[in-house]
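Colleague: Could you walk me through this one slowly? I am new to reading models.

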Amino acid sequence: MNPCVLSLAEQVICRTDRDHPADAQLRLELKARHGLSRAETAEVSRTVFSFFRWRGWVEEGRSLGDQIIHAVELADQFSQQPESFSVSELVARAVPSWIQSEVEITPEFARSLQAEPQLWLRARPGQGTFLAERLRDCRSCGAGPLADTLAYHGQEDLFRTGEFRAGDFELQDVSSQAVGLVCAPVPGETWWDACAGEGGKLLHLSNLMGNKGLIWATDRAEWRLRRLKRRAARAKVFNYRTAVWDGGAKLPTKTRFDGILVDAPCSGVGTWQRNPHARWTLTPEDIHELAELQVRLLVHAAAAVKPGGRLVYSVCSPARSETVGVVEAFRTRCSAFAPLNVKNPLVPDAPRTDTILLSPQQVRGNGMFIAAWVHGRPDA
Ligand SMILES: C[S@@+](CC[C@H](N)C(=O)[O-])C[C@H]1O[C@@H](n2cnc3c(N)ncnc32)[C@H](O)[C@@H]1O
């Protein structure tokens with residue numbers, strides 16, 4: 001291994017902990033280094049993520065450098081001969097054992113966690129084919145709205161492309177795109193994106209509304225909303241307004257909405273393929289605290305849904321407490337809402353259901369749970 005790559009990876013790994021995630025530390029470290037080639041930068045990223053992905057296999061008694069080299073060897077072995085790893089070994093070592101009380105770790109799930117993640121783009125509506133021709137190395141995910149969902153296999157730094165700067169596409173995981181498609185807002189409606197963060201889903205909702213109608217975008221973190229505004233300007237999205245909301249019973253507006261999306265803060269277990277470091281810092285207590293917050297956010301936001309309006313809940317986690325547990329708690333607290341059967345956008349032949357669990361092995365994206373309700377009587 002290139003000694004410069006190894007030493008940089010060591011520094012990033014040493015600075016990574018519960019409050020300093022690997023991807024953020026990596027960005028900081030790479031930003032501080034000038035003169036690294038694109039290939040070296042990519043190699044440092046791959047080395048850091050391989051270390052955390054294969055951490056369950058490396059011997060902690062060895063030097064960090066040796067552990068890193070061993071992890072990268074395992075990653076190479078897995079990409080060339082995945083069958084050389086036994087299923088039971090993958091299930092036992094890829095994740096901490098306590099998570100089994102929250103998620104069934106199937107062999108397919110464990111295998112998908114050890115593979116390199118897929119990069120997904122979302123083109124402007126109707127522009128998927130054109131964008132794929134321009135960028136090359138793209139594959140469209142399907143027909144209809146999924147024609148704008150592209151899997152990218154190339155090596156370009158997409159943030160530096162003219163198409164990105166012109167707002168022709170967003171980097172957005174396929175499962176996050178499914179959330180917007182389940183919401184299915186139409187032009188002229190009024191929506192509330194209650195945990196809008198930096199606006200990934202808001203931009204999609206606006207595209208689906210043809211930039212017509214209004215979306216309230218709120219979040220507890222004002223700095224995230226500032227980033228949202230920059231992203232929206234690049235994407236030429238204008239039909240939104242922002243406000244800070246901390247999830248409390250005091251709502252940011254008296255407006256009643258056609259639809260509300262609560263894309264709640266969560267444990268991120270569904271992103272463990274992309275963020276392997278998080279496997280080793282999450283605790284069962286974190287999941288329980290998050291589940292309580294998720295119920296609170298849903299119950300408070302629900303008060304602003306118009307009669308006949310929709311409420312959509314999403315988390316990138318398959319953990320029982322954050323999925324079926326939250327749905328059950330909401331049912332007991334908000335009896336005016338009925339489960340709403342919706343189409344699974346990524347499995348168009350599947351029957352309509354009121355909850356959808358997208359698994360990484362099925363969609364080659366993040367694990368995502370989505371639930372939908374209607375305020376009042378369900379549709380027939
Ligand atoms: C899953 S992220 C949202 C991602 C965003 N919807 C997107 O698609 O880019 C969850 C968001 O919830 C916000 N959040 C956390 N606690 C909150 C609270 N008590 N009230 C409101 N928002 C909160 C976080 O700041 C974070 O931006």
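Modeller: Let me begin with a term: a nonpolar core is a set of buried Ala, Val, Leu, Ile, Met, Phe, Trp, Tyr and Cys residues joined through C-beta atoms within 7 Å. A residue is buried if 20 or more other C-beta atoms lie within 10 Å of its own, exposed if 12 or fewer, and partly exposed in between, with C-beta atoms placed from the backbone. Please keep in mind that this is a predicted model, in which local features need pLDDT of at least 70, side-chain atom pairs count only at pLDDT 80 or more, and totals for chains, interfaces and linings use all residues. Residues are numbered from 1 along each chain as its sequence is written.

Colleague: OK, so how many residues does the largest nonpolar core have?

Modeller: The largest nonpolar core has 80 residues, and those with the most contacts inside it are Ala194, Ile260, Val262, Leu298, Ala301 and Ile370. Helix H12 (residues 284–302) gives the most to this core, with eight residues, where helices (H or I, at least four residues) and strands (E, at least two) are DSSP runs, numbered from the N terminus.

Colleague: And what is Ile260 in contact with?

Modeller: If we leave aside its neighbours within four places in sequence, Ile260 is in contact with Trp191, Trp192, Ala194, Ala301, Ala304, Val305 and Leu311; two residues are in contact if their C-beta atoms, placed from the backbone, lie within 7 Å. Apart from this core lies another one, of 19 residues, among them Ala22, Val44, Val48 and Leu74.

Colleague: Switching topic, which domains does the assignment give?

Modeller: It gives domain 1 (3–84), domain 2 (119–171) and domain 3 (174–375), and such bounds come from an automatic or database domain assignment. The C-alpha centres of domain 2 and domain 3 lie 23 Å apart, and the contact takes 10 residues from domain 2 and 12 residues from domain 3.

Colleague: What about helix H6, which of its residues are buried?

Modeller: In helix H6 (residues 107–114), the buried residues are Phe109, Ala110, Ser112, Leu113 and Gln114, and they pack against helix H3 (38–53), helix H4 (64–80), helix H5 (87–93) and helix H14 (360–363).

Colleague: Last one: how many helices and strands does the chain have?

Modeller: The chain has 14 helices and 12 strands. Its radius of gyration is 21 Å, close to the 21 Å that the globule rule gives for 380 residues, so the chain is as compact as a globular protein of that length; the radius is taken over C-alpha atoms, and the rule is 2.2 Å times the number of residues to the power 0.38. Buried residues make up 43% of the 380 residues in the chain.
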